[in-house]
Amino acid sequence: MSDIAIIGAGSWGTALALTLADLGHAVRIWAYEPEVVEDISRYRENRIFLPGVRLPDSIVPGTDLGAALQGCSFVVSVMPSHACRRLYERMLPYLEPEMTLVSATKGLETESLLRMSQVIRSVVTQRFSPRLAVLSGPSFALEVARKDPTAIVVASEDLDVARLVQKNFSSGSLRLYASSDVIGVEIGGAVKNVIAIAAGVIDGLQLGHNSRAALMTRGLAEMTRLACACGARPETLAGLAGMGDLVLTCTGYLSRNRSVGIELGRGKKLAEILGSMRTVAEGINTTGATLELARRYGVEMPITYQVQRILQDQISPRDAIRELMDRALKDE
């Protein structure tokens with residue numbers, strides 16, 4: 001068994017901590033919020049981000065990054081994408097070459113358009129070349145925590161690293177598949193959140209299954225075009241990190257991004273929606289970054305474009321759909 005640090009104590013970080021602790025690993029979880037540390041220490045529950053789920057005593061919470069990282073074999077980062085660079089810069093003095101770094105954050109850095117593994121590598125290579133993997137796929141935190149059967153993907157440019165994580169993180173309820181397509185896994189995990197906002201808009205407008213099916217299928221086509229332009233393999237987008245995560249996020253009631261879209265479809269403004277949310281809906285920031293990345297590679301992404309216009313209150317949801325339907329006809 002290994003010492004594992006989880007950096008980020010939101011719902012997904014907490015669910016991963018529980019899964020790994022149940023496997024017998026010694027788990028330390030770092031939280032930004034002192035009240036989360038207090039809740040886990042006193043009540044053995046993350047009452048803010050994953051209420052109702054009991055956490056074993058083998059999960060040790062804290063706000064000290066150095067203490068969390070000391071002597072760990074695996075470091076799993078589960079912070080919001082906008083905090084990734086800043087946190088890794090703080091973590092850098094405590095990281096060691098023998099550690100395996102695992103990114104479980106889905107998103108793009110808005111300023112640089114870098115994927116999370118690229119952000120991490122750009123920071124860590126100031127000291128050493130990291131052993132790095134990414135984790136993605138259809139995985140609502142609450143369902144993982146209650147041990148519903150779940151399958152996800154771990155990808156690394158070094159397939160041996162991916163298989164090491166696969167071996168150490170897989171359980172009777174969480175099955176990991178190994179891949180070497182880091183680009184495809186990360187682009188799929190990031191861009192599906194954008195399409196999920198669009199799916200929520202359809203539900204908020206009370207449109208039917210035809211509309212949702214068309215949106216998800218054409219959304220997958222957009223995801224695949226962009227990922228392949230960036231160097232991914234198309235079959236990755238047909239797998240768990242692409243279609244699998246897209247189906248979950250576009251249809252599940254636990255999807256934060258879909259929930260944002262539902263409220264937009266009902267006529268609420270983004271500022272009002274954000275004011276009522278404690279957790280991050282990654283798709284909001286990812287939408288603009290995705291469009292910029294698409295422009296860089298000359299990739300057409302009409303759904304993503306309309307989502308951005310809705311988010312910026314430049315067009316109503318119904319008019320955005322009308323523009324999509326009135327586009328020039330073409331072959332599939």
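Leaving aside residues up to four places away in sequence, Ser139 touches Trp12, Lys106, Val144, Thr150, Ile152, Asp245 and Leu248, where contact means heavy atoms within 4.5 Å. This is a predicted model, in which local features need pLDDT of at least 70 and side-chain atom pairs count only at pLDDT 80 or more, while totals for chains, interfaces and linings use all residues. Residues are numbered from 1 along each chain as its sequence is written, and side-chain values use heavy atoms, with hydrogens and water left out.

Let's stay with Ser139 for a moment. Ser139 sits in the loop between S6 and H6; helices (H or I, at least four residues) and strands (E, at least two) are DSSP runs, numbered from the N terminus. Is Ser139 buried or exposed? Its relative accessible area is 12%, so Ser139 is buried. Here buried means under 20% relative accessible area, exposed means over 50%, and partly exposed lies in between (1.4 Å probe, protein chains only).

Two other loops are worth a visit. Leu113, in the loop between strand S5 (100-103) and helix H5 (116-124), has a phi near 65 degrees, a positive value in a residue other than glycine. Lys147 is not a glycine either, yet its phi is positive, at about 70 degrees; you will find Lys147 in the loop between H6 and strand S7 (150-155). Leu113 counts as buried because its relative accessibility is 9%, whereas Lys147, at 43%, counts as partly exposed.

Next come the rings. A pair of aromatic rings is described by the distance of the centres and the angle of the planes. Rings of Phe, Tyr and Trp (its six-membered ring) pair if their centres lie within 6.5 Å; planes under 30 degrees apart count as stacked, over 60 as edge-to-face and the rest as tilted. By this rule there is one aromatic pair. Phe74 and Phe169 form this edge-to-face pair, at 5.4 Å centre to centre with 65 degrees between the planes. The pair links distant parts of the chain, since Phe74 belongs to strand S4 (residues 74-77) and Phe169 to helix H7 (residues 159-169), 95 residues apart. Phe74 is buried at 3% relative accessibility, and Phe169 is buried with a relative accessible area of 2%.

Which of its 43 residues touch the most other members? They are Ile187, Leu215, Leu226 and Leu264. Helix H8 (182-204) and helix H9 (209-230) are among the helices that each supply at least two residues of this core, and H8 gives the most, with twelve residues. Apart from this core lies another, of 39 residues, including Trp12 and Val102.

On a 1 Å grid over the protein atoms alone, a cavity is a set of points where a 1.4 Å probe fits but cannot get out, and a pocket is an open set with protein on both sides within 12 Å along at least five of seven lines; lining residues have an atom within 4 Å of a point. Grid points are joined across faces, edges and corners, and a volume is the space filled by probe spheres set on the points. The largest cavity holds about 50 Å³ of space, and H8 gives the most to its lining, with four residues. The largest pocket has a volume of about 1,200 Å³. Of the 43 residues that line this pocket, Gly10, Ser11, Arg256, Thr279 and Val280 lie nearest its centre.

Terms used. A nonpolar core is a set of buried Ala, Val, Leu, Ile, Met, Phe, Trp, Tyr and Cys residues joined through side-chain atoms within 4.5 Å.
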